[in-house]
Amino acid sequence: MSSSAIELRKHMRDARRALPPDTRLRAANGVAEQLLQLPFAPQRGYVAGYWAVDGEMPLHAWQLQLPAECIWCLPVLDDASGTLKFVPWRVGDDTAPNKFGIPEPVFSASALLGAADMAFVAMPLTAFDANAHRIGMGGGWYDRTLGALSAQARPRSVGVGYEIQRVDAIEPQPWDIRCDAICTESRSYFP
Ligand SMILES: Nc1nc2c(c(=O)[nH]1)N(C=O)[C@@H](CNc1ccc(C(=O)N[C@@H](CCC(=O)O)C(=O)O)cc1)CN2
Ligand SMILES: Nc1ncnc2c1ncn2[C@@H]1O[C@H](COP(=O)(O)OP(=O)(O)OP(=O)(O)O)[C@@H](O)[C@H]1O
């Protein structure tokens, strides 16, 4: 990854962390509306969110407004494969921090789901562009996870962030999986 991408990540992480709480809460409501209005908004099945940390866009407003037939899941790191697995999680269920300090559901092996089981995956981002290119934290977790599936087996994947995280252009990398959309507090972007 080029030094400019590293700088961009750092800059955007600082910027989103600096947002005041009221802005963050209003944005969470706005992004929920955008996600619910997507032409391919999930109606049923497993929906993968994330536990917002480090100033990431919170998903609680969306989670609460999803159709009752949707089952909320959170990502868990599978170090053996270098990919994400997913586990259903309800408010009040136990969590434990992963190696990055991000809360994950406490699960038994039988609860583990793969990306192909998901109907929809919401991915945090550090920066994006209007053509729906996204960069994340730099671990490549979402790219490896979705890249392991054929295009037909892949769930809908949507990047989620704040308008302030938009840049003019992101140079797509060969391994990048194009998002089906990027949603912010005020609009949605499509490839
Ligand atoms: N909320 C959330 N959950 C997520 C992700 C994410 O970006 N956000 N991920 C998206 O891929 C996966 C975890 N991937 C990650 C990749 C890199 C870093 C990272 O560089 N963190 C540090 C270093 C922390 C440490 O090593 O102790 C950092 O903040 O600089 C964190 C998570 C799965 N779950
Ligand atoms: N499909 C893949 N196969 C093998 N390696 C991959 C794949 N996707 C990503 N990687 C590796 O992961 C590294 C990080 O990728 P990248 O910088 O695109 O991450 P990111 O999109 O910012 O992070 P994330 O997906 O975790 O949010 C790359 O340098 C690459 O080596």
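Modeller: By class, the shell around ligand 2 holds 6 nonpolar, 4 polar and 5 charged residues, where Ala, Val, Leu, Ile, Met, Phe, Trp, Tyr, Cys and Pro count as nonpolar, Asp, Glu, Lys and Arg as charged, and the others, Gly among them, as polar. This is a predicted model, in which local features need pLDDT of at least 70 and side-chain atom pairs count only at pLDDT 80 or more, while totals for chains, interfaces and linings use all residues. Residues are numbered from 1 along each chain as its sequence is written, ligands are numbered from 1 in the order in which they are written, and side-chain values use heavy atoms, with hydrogens and water left out.

Of the 15 residues around ligand 2, those that come nearest are Arg9, Arg134, Gly136, Trp141 and Trp175, a residue being near if one of its heavy atoms lies within 4 Å of the molecule. Helix 4 (141–147) and strand 8 (134–135) each supply at least two residues of this shell, and helix 4 gives the most, with 4 residues; helices (H or I, at least four residues) and strands (E, at least two) are DSSP runs, numbered from the N terminus.

A backbone N or O atom of Gly136 lies 2.8 Å from a ligand 2 oxygen, a polar backbone atom of Trp141 is 2.9 Å from an oxygen of ligand 2, and a polar side-chain atom of Asp143 is 3.2 Å from an oxygen atom of ligand 2.

Definitions and conventions:
Polar contact = N/O pair within 3.5 Å; in protein donor to acceptor, adjacent residues only side chain to side chain.
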